[in-house]
Amino acid sequence: MTRRLIIYIVLLTIICLVSCKDRGPRDTVKRTSVGCEELLIGLSPEQNIFRQRERYQHLGDYLSKRLGISVTFTSLSRYGNIVDRFVSERMDGAFFGSFTYALARQRLSIEPLARPVNMDGTSTYHGYIFVRKDSGIRTAADMRGRRFAFVDYATTAGYVFPIAYFRENGIHDLKGFLAESIFTGSHDAAVFAVLNREADAGAAKNTIYDALAAENPRIERELMILATSQVVPQNCLAVRGDLDPELKKALKTALLEMDRDPEGARVLAQFRARGFIETLDREYEYVYTMSRQAGIDLKKYEYSNR
């Protein structure tokens with residue numbers, strides 16, 4: 001092989017890699033002369049990142065095969081990142097939590113497609129506020145001077161619901177009311193913070209709390225649920241509004257028809273879901289209402305942990 005040919009191959013490889021990475025904001029999929037294609041989808045950090053990656057790996061492989069393009073999932077370090085990085089990394093879609101969906105809907109052009117149906121047949125979740133049984137806490141007023149474990153400023157169950165709960169009980173100045181506010185970054189970490197006495201009370205989504213309780217008998221033995229929110233949609237895949245209509249349709253169809261495909265059914269079992277159902281913006285009305293109850297203006301809200 002000549003030196004000139006080697007240089008040419010190296011340059012061609014570099015061009016391919018750069019083309020794949022530098023995806024234009026309105027490109028559905030970046031296609032190069034060597035056929036590099038990708039659909040980039042973000043994931044909220046609702047649980048341990050390693051468990052989350054394992055759960056979504058098979059779904060990504062299945063969708064890649066069905067759509068004929070590479071479907072790549074990227075895990076985010078914080079909930080609020082999903083809005084910022086959606087723009088900065090030019091994502092094509094994301095599995096938005098209910099509150100991050102509401103934020104993104106107000107600030108970005110996104111369209112909800114579908115969300116998973118849990119193994120118990122539900123496609124929604126609700127928030128829990130929980131306490132240690134030995135804490136003596138039985139009302140919101142009892143939390144004065146205590147430590148509270150929130151998840152993130154950009155979560156429904158892990159922040160917006162408890163803030164609305166405190167305000168409903170006449171508590172507006174949490175800095176003066178609580179001894180300390182802890183932000184754990186994920187729902188499972190919030191549960192363990194209370195279980196391991198790093199906090200006296202906390203908040204998390206019921207799906208994560210209940211799954212942990214099924215694995216760890218200490219949770220039922222040592223913790224108790226103090227308050228429960230109304231239901232909101234489970235994490236939903238929403239895509240940017242200018243995504244190619246044909247690809248958008250194909251992606252939605254692939255998800256909605258997974259349970260009718262033998263291979264799709266196997267992937268769903270690994271994903272721990274029965275299937276996917278269509279999701280509409282009007283299903284988030286309670287999220288919008290709860291945000292107002294918590295005193296949050298979605299268009300101006302500063303959601304980074306501070």
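The five strands of an open sheet in this predicted model follow the order 8-7-9-6-10, and their pairing is mixed. Strand 8 (180-183) and strand 10 (223-228) stand at the edges with a single partner strand each, so one side of each has no neighbour in the sheet. On average, neighbouring strands of this sheet are turned by 25° against each other, direction ignored. Two strands count as paired if DSSP finds at least two bridges between them. Helices (H or I, at least four residues) and strands (E, at least two) are DSSP runs numbered from the N terminus.

Strand 7 (residues 147-150) and strand 9 (residues 201-205) run parallel and are joined by two bridges. Phe148 stands opposite Ala201 in strand 9.

Two helices pack on this sheet, as the table shows. Contact means heavy atoms within 4.5 Å. Axes are lines fitted to C-alpha atoms, for helices over the stretch in contact, and angles between N-to-C directions run from 0 to 180 degrees.

| Helix 5 (residues 156-168) | strand 6 (127-132), strand 7, strand 8, strand 9, strand 10 | about 135° with strand 7 |

Glu222 belongs to helix 9 (residues 217-222). Its relative accessibility is 16%, so Glu222 counts as buried (under 20% relative accessible area; exposed is over 50%, partly exposed in between, with a 1.4 Å probe and protein chains only). Apart from neighbours within four places in sequence, Glu222 is in contact with Val131, Arg132, Lys133 and Leu195.

Elsewhere, the axes of helix 4 (residues 98-107) and helix 12 (residues 285-293) come within 10 Å and cross at roughly 85°. Helix 4 is therefore roughly perpendicular to helix 12 (65 to 115 degrees; under 35 is roughly parallel, over 145 roughly antiparallel, the rest oblique). In helix 4, Ser98, Phe99, Tyr101, Ala102, Arg105 and Gln106 meet Val287, Tyr288 and Ser291 of helix 12.

For the protein as a whole, there are twelve helices and 13 strands. Of its 306 residues, 52% are buried. Among contacts between residues at least 6 apart in sequence, 76% join residues at least 24 apart.

Residues are numbered from 1 along each chain as its sequence is written. In this predicted model, local features need pLDDT of at least 70 and side-chain atom pairs count only at pLDDT 80 or more, while totals for chains, interfaces and linings use all residues, and side-chain values use heavy atoms, with hydrogens and water left out.
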